[in-house]
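Me: I am learning to read protein structures and would be grateful for a guided tour. Please give the general idea of each feature before turning to the case at hand.

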Amino acid sequence: MTKTPISIEITESHPAYQWAKRQSDSVNAMGHIGTHIDCYTTTPEQHQYNPDTVMLDCSDAMPDIKAVSALPLKGKALVLYTANLEKNGYGNDAYGKQDTALHSDVLDAILEQSPAFIVIDSYGIGSHGEQHRNFDELCEQHNCFVIENVALTHAMMDTLTALEIEFDTTSASTGKRCEVIAVLNE
């Protein structure tokens with residue numbers, strides 16, 4: 001087993017950091033850059049988790065209901081590899097323009113399987129704006145939390161078996177910085 005950090009570190013010189021500092025609610029904005037877990041209505045009970053994973057290759061298209069309906073997700077982390085970060089880098093126009101939104105019926109089918117987390121190598125599972133937040137809140141209602149902007153690679157498709165997730169549950173931001181480590185069976 002090999003462990004590899006897959007959290008994105010944002011330096012003060014990064015445009016996303018500069019954007020967050022300029023926001024009227026910079027504390028909240030800072031929590032939503034880089035790798036973070038969204039917690040709009042509730043926060044996970046613990047600050048550390050070690051879920052097994054189910055990884056889906058979404059680099060050509062986001063999954064449909066058929067692709068997710070029979071997945072064994074109970075208590076696991078569903079990891080969505082979109083290739084957005086690997087292909088475009090973090091926080092630029094190309095990254096923000098790639099469509100990585102799930103269809104609402106697909107999200108419902110995922111949540112029926114009771115995953116603990118949905119992890120994505122992009123800005124979220126919903127379109128920018130209202131849908132993004134609504135999808136995150138819907139996940140929270142099902143005791144599932146979304147972790148965004150994780151540095152996944154195509155090479156992890158066959159080797160990722162688990163994640164080590166740690167975050168500060170006391171952070172005032174609705175986006176809580178998150179440390180994620182990939183456990184790989186190589």
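Reply: Let us begin with what packs over a helix. The buried residues of helix 6 are covered by elements that include helix 3 (65–69), strand 5 (77–81), strand 6 (117–120) and helix 7. Helices (H or I, at least four residues) and strands (E, at least two) are DSSP runs, numbered from the N terminus. This is a predicted model, in which local features need pLDDT of at least 70 and side-chain atom pairs count only at pLDDT 80 or more, while totals for chains, interfaces and linings use all residues. Residues are numbered from 1 along each chain as its sequence is written, and side-chain values use heavy atoms, with hydrogens and water left out.

Me: Which residues in helix 6 are buried?

Reply: Buried means under 20% relative accessible area, exposed over 50%, and partly exposed in between (1.4 Å probe, protein chains only). In helix 6, which spans residues 104–112, the buried residues are Val-106, Leu-107, Ala-109, Ile-110 and Leu-111. An α-helix has 3.6 residues a turn, so residues three or four places apart point the same way.

Me: Which residues does Ile-65 touch, beyond those up to four places away in sequence?

Reply: Contact means heavy atoms within 4.5 Å. By that rule Ile-65 touches Asp-105, Val-106 and Ala-109. Ile-65 belongs to helix 3 and is partly exposed, at a relative accessible area of 35%. For a sense of distance, Ile-65 and Ile-120 lie 55 residues apart in sequence, with 18 Å between their C-alpha atoms.

Me: How many disulfides does the structure hold?

Reply: A disulfide is a pair of cysteine sulfur atoms within 2.5 Å. The structure holds zero disulfides. The closest cysteine sulfur to that of Cys-58 is in Cys-139, 14 Å away, which is too far for a bond. For Cys-178 the closest is in Cys-39, at 8.7 Å, again too far for a bond. Cys-58 is buried, with a relative accessible area of 4%, and Cys-178 is buried at 0%.

Me: Where is His-132 found, and is it buried or exposed?

Reply: His-132 lies in helix 7 and is buried, at 13% relative accessibility. A polar contact is a pair of N or O atoms within 3.5 Å; within protein, one must be able to donate a hydrogen and the other to accept it, and residues adjacent in sequence count only if both atoms are side-chain atoms. The side chains of His-132 and Glu-148 make such a contact, at 2.9 Å. Apart from neighbours within four places in sequence, the residues in contact with His-132 include Asp-38, Tyr-40, Tyr-123 and Ser-127.

Me: Which residues lie nearest the centre of the largest pocket?

Reply: On a 1 Å grid over the protein atoms alone, a pocket is an open set of points where a 1.4 Å probe fits, with protein on both sides within 12 Å along at least five of seven lines; lining residues have an atom within 4 Å of a point. Grid points are joined across faces, edges and corners, and a volume is the space filled by probe spheres set on the points. The largest pocket holds about 630 Å³. Its lining has 25 residues, and Trp-19, His-32, Ile-33, Tyr-90 and His-128 lie nearest the centre. Helix 1 gives the most to this lining, with three residues.
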